[in-house]
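Subject: Handover of a protein model

Dear colleague,

Please find the structure below, handed over for your own work.

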Amino acid sequence: MALESLSKEETLAMRKRLIGQSCRLFYSDKPVKIVRARGQYLFDEKGKRYLDCISNVHHVGHCHPSITEAAAAQMELLNTNSRFLHDNIVIYANRLASTLPSQLRVFYFVNSGSEANDLALRLAQQYTGNEDVVVLDHAYHGHLKSLIDISPYKFRKLAGQKEWVHVAPLPDTYRGLYGEDHPDPGQAYADTVRDLIEEVHKKGRKISAFFAESFPSVGGQIILPKGYSPKVAEYVRSAGGIFVADEVQTGFGRSGSHFWAFEQQGEGFSPDIVTMGKPMGNGHPLACVATTEEIAKAFTDNGVEYFNTFGGNPVSCAIGLALLDVIEREDLRGNATRVGTHLKNLLRKLQASTSSDWRCQIFIFRGVGLFVGAELVTDREKKTPATKTASLLVKRLKEEDRICVSTDGPWENVVKFKPPMCFSMDDAELVVNCIDRILTDMEQNGPELEKDNV
Ligand SMILES: Cc1ncc(COP(=O)(O)O)c(C=O)c1O
């Protein structure tokens, strides 16, 4: 039986029976069945169109014809495992190298962001001879056991914190220890990492790596304060560790102005390892670790082969190359800058137009390019997270306007926008108009909004 012939109810029933229930669906109480997609639009089994504001994986647009053609052409010709000599992997590595600082010249191709971060962990531990890792609070780095261990977002709900993992404060200038009003929040937050490293040393332990997303996503679409990463890198390196930038969500031009989000931290700053994934294959499982020759050499010198059956196969690399071409040809970084700026301007207008007696207001929004978060609070002074309101807003945007957004942040009150990079000015206007209409309706007609849910 062809899968398309299943009714939505049948699909749901089979999914419930056959697929592990911890693999949750979007809108789990009323899921959407998507059968095709194009650009920034998803279509359900009845042909209804949804605007996709969250698929950062489908970076240059769903089912982009150039990506599909490159995949099909290479698939028809050859797909081997990565141990046969082939042009695609070296041509692709060379293209990626041209986007990165000159010291990041060695590449390992893998199949997911989790595999990339797991390998980064191994590289760091092998190179430094140390074990301990510093991570940011609320971080998520992947689903493998090794990464659950370094993801406070997960380990807090599971086995807890391992003795070799150390959690630094999230440099969130809205809710964190130091706000925008601090004279130098980048330095102040970096100093919390320095202090943490001193604590680690007092326990007789040594740092192998500092891991951080270049814009912490699960933490609430956070933009790191200027100067933070170079300072942290200095402290970590002087303690014998290395700096790992997790660009799994943020790489490939999402910030618009730069190809990699870590570049926002200033010219001359380079991590020692960059991990990448999600957008890299536009939905095809393609991910990578980029590092220095010294770190790669230490890994080689352990004498054990690194073998990854699918990583860097000819089809994956053909897709990766096609994606880089599309970003350039369609000026998607320029688009991310223009549309992201427009989206933020519209959110700013919406914020300015909210009356002061609103209990729920878009109090703050932040973002760079097409990485934008709008944080909902019930009280501007206390910054009380409006979690239920955010969840209701997400539900209503889907039900009433067929717009897909979702929430992030420790309280799930940050509405996030990470759409395909072909997102348009009209799309941005539509979303903000719908948010405006729903929030106004919620305020005027109820249901009763939460007063305090912290
Ligand atoms: C920042 C970050 N790193 C790593 C991962 C893991 O990537 P994957 O799901 O491809 O294994 C994710 C996934 O959401 C992520 O957000």
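Does Ser55 count as buried or exposed? At 17% relative accessibility, Ser55 counts as buried, where buried means under 20% relative accessible area, exposed over 50%, and partly exposed in between, with a 1.4 Å probe and protein chains only.

Before the details, a word on conventions. This is a predicted model, in which local features need pLDDT of at least 70 and side-chain atom pairs count only at pLDDT 80 or more, whereas totals for chains, interfaces and linings use all residues. Residues are numbered from 1 along each chain as its sequence is written, and side-chain values use heavy atoms, with hydrogens and water left out.

Overall form

The protein chain contains 13 helices and 16 strands; these are DSSP runs numbered from the N terminus, helices being H or I with at least four residues and strands E with at least two. Its radius of gyration is 22 Å, close to the 22 Å that the globule rule gives for 454 residues, so the chain is as compact as a globular protein of that length. The radius is taken over C-alpha atoms, and the rule is 2.2 Å times the number of residues to the power 0.38. Along the principal axes, the C-alpha atoms fill a box of roughly 65 × 55 × 45 Å.

Of the 454 residues, 56% count as buried. Among contacts with a separation of 6 or more, 72% come from residues 24 or more positions apart; a contact means heavy atoms within 4.5 Å. The chain exposes about 20,400 Å², with carbon and sulfur atoms supplying 52% of it; accessible areas come from the Shrake-Rupley method with a 1.4 Å probe, and for residues only the protein chains shown count as cover.

There are 53 positive and 58 negative side chains, and the centres of the two sets lie 4 Å apart. Lys and Arg count as positive and Asp and Glu as negative, while His and the chain ends are not counted. Each charge is placed at NZ of Lys, CZ of Arg, CG of Asp or CD of Glu.

The open sheet

Four strands form an open sheet of mixed pairing, in the order S1-S2-S3-S14. Strand S1 (34-38) and S14 stand at the edges, each with a single partner strand, so one side of each is left without a neighbour in the sheet. Two strands are taken as paired if DSSP finds at least two bridges between them.

S1 and S2 pair in the antiparallel sense over four bridges, with Ile34 bridged to Asp44 of S2. The two strands form a hairpin with two residues between them, and Gly39 in the turn has a positive phi of about 55°. S2 and S3 are likewise antiparallel, over three bridges, and Leu42 has Tyr50 of S3 as its bridge partner. Four residues separate S2 and S3 in their hairpin, where Gly47 in the turn has a positive phi of about 85°. S3 (residues 49-52) and S14, by contrast, pair in the parallel sense over two bridges, and Asp52 stands opposite Cys404 in S14.

In a regular strand the side chains alternate between the two faces of the sheet. In S2 (residues 41-44), Tyr41 and Phe43 point one way and Leu42 and Asp44 the other way, and all are buried.

Ser55 and its surroundings

Ser55 is found in the loop between S3 and helix H2 (65-77). Not counting residues up to four places away in sequence, Ser55 touches His62, Lys418, Pro419 and Pro420. The C-alpha atoms of Ser55 and Val431 are separated by 15 Å, the two residues being 376 apart along the chain.

A further hairpin

Six of the eight residues of strand S11 (residues 361-368) are buried. S11 pairs with strand S12 (residues 371-379) in the antiparallel sense over seven bridges, and Val368 has Phe371 as its bridge partner. Two residues lie between the strands of this hairpin, and Gly369 in the turn has a positive phi of about 55°.

Most residues other than glycine have a negative phi. Asp331, which is not a glycine, has a positive phi of about 45°; Asp331 is placed in the loop between helix H10 (314-329) and helix H11 (332-353). At 35% relative accessibility, Asp331 counts as partly exposed. Arg402, also not a glycine, has a positive phi of about 50° and lies in the loop between helix H12 (387-401) and strand S14 (403-404). Arg402 counts as partly exposed at 32% relative accessibility.

With kind regards
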